[in-house]
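Notebook open, model loaded. I want to look up some strand pairing and a few ring contacts.

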Amino acid sequence: MKPVGLKFFVFFLGIAVWIGWQVFQQIQEQTGGKREKKGEVVPVAVEDIRRGEIELRRRFNGTLEAQSELIVASKVSGRVERLYVNLADSVQRDQQVAQLDSGEYVQALAQAQAEREVARAEVGAAQTALNIADREWQRIQKLRGQGVSSEAQLDTALANQQAKQAQLKVTQAQEMRAEALLKTAQIRLSYTQVKASWSGGRAERVVAQRLVHEGEMVAAQAPLLKIIDLTSLMGVIFVPEQDYLVLTPDLPVLLTTDLYPNATFAGHIERISPIFQNNIRQARIEINVENPEKRLKPGLFIQATVVLQHLSEATLVPEHALTQREGKTGLFIIKNEQNKPPVAVWHEVQVGIRQGEWVQIVQEEPLAGEVVVLGQNLLKDGSMVTIPSQEGASSPLSSDKKGQQP
């Protein structure tokens, strides 16, 4: 072989050996790395498995309405002479709120009184005529017994007596009619004093709307004022079919509104509609909301959270502690043995109620200890772990319970 060819052969052989060595080194590093990962200690964050309260909730949007609403209307026509209340004024039961022009009704009352007096006088005259007819009949009857008067005279006296009795009854009926007309005139005159009257509930309400002004002419039954009770309101929500069956009367409800973003108000389901509305295919649910401080107002939009279930002693873990392994849901629970590093053991679990960042774990045997909440994606069943400082751990449902007091 020529010296030049020998040099090239040695050169290419050296390159091939170097490449082979590099490939061998990479294989060694990979296999060695795997062996090292098997014994690697994974840093994780943990949280205690807790026992505490949790609730199953559904949230709906709706509006507030007045439970008790009264439209004060005029029972007679006339001109509005005076309005005694204005918007937002308090009104007591049976309080006069308006005055209509009463001149026409005063005149009608005076006429009815005069007609009654005429009817009374006619009754008096008819009674006097009857008394005279009674005495005449008695006199003729006595004379007939003595054989002085004839049978015809007795019949005439009797007929006259009966006629006077009938006339008295007619005048008495006319008096009753005059009394009724007088009572009607008095009532119609009283209607010019418009009062806010209602039965049941609280004795005080508030003016929500003033629908007329002083000096306006109004017809009978024309609305003048709207008066409502603010101390008890009704929240109205509409629910679809999938939520309809889980709602029952008396279920507690928590309400929030943008007007008071940091306050929560309590209520309960009062009534559930037996039908679904055709246009939206949803059922109307009415919620009773006590409002003693009158902070809530009809017409406000609300968010109603219905408490479907409340558990006072449930096993709770943070939701982000849940992991999926081969299509199953589970947790990594820390197992501590003496003189050994802690180990993360995977447990398949059944999840129950979810509330905020916490979930209920449903198990026949209750879980206890610590659960991995950060770093579980690097773990396998039985992985050794190291646990840094746990300062600042939160308590279950603490974020949910803030701001719920109105």
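This is a predicted model: local features need pLDDT of at least 70, side-chain atom pairs count only at pLDDT 80 or more; totals for chains, interfaces and linings use all residues.

I started with S6 and strand S9 (residues 204–210): they run antiparallel and are joined by 3 bridges. Strands here are DSSP E runs of at least two residues, helices H or I runs of at least four, both numbered from the N terminus. Two strands pair if DSSP finds at least two bridges between them.

Residues count from 1 along each chain as its sequence is written, and side-chain values use heavy atoms, with hydrogens and water left out.

Next, the sheet around that pair. I get 4 strands in an open, antiparallel sheet, ordered S4-S11-S9-S6. Strand S4 (69–73) and strand S6 (90–92) are the edges, each pairing on one side only.

Then rings. How many aromatic pairs does a search of the whole structure find? It finds 2 (ring centres of Phe, Tyr or the six-membered ring of Trp within 6.5 Å; planes under 30 degrees apart are stacked, over 60 edge-to-face, the rest tilted). I checked Tyr-244 and Phe-276: tilted, 4.8 Å centre to centre, 50 degrees between the planes. Tyr-244 sits in helix H4 (residues 241–244) and Phe-276 in strand S14 (residues 260–277), 32 residues apart, so the pair links distant parts of the chain.
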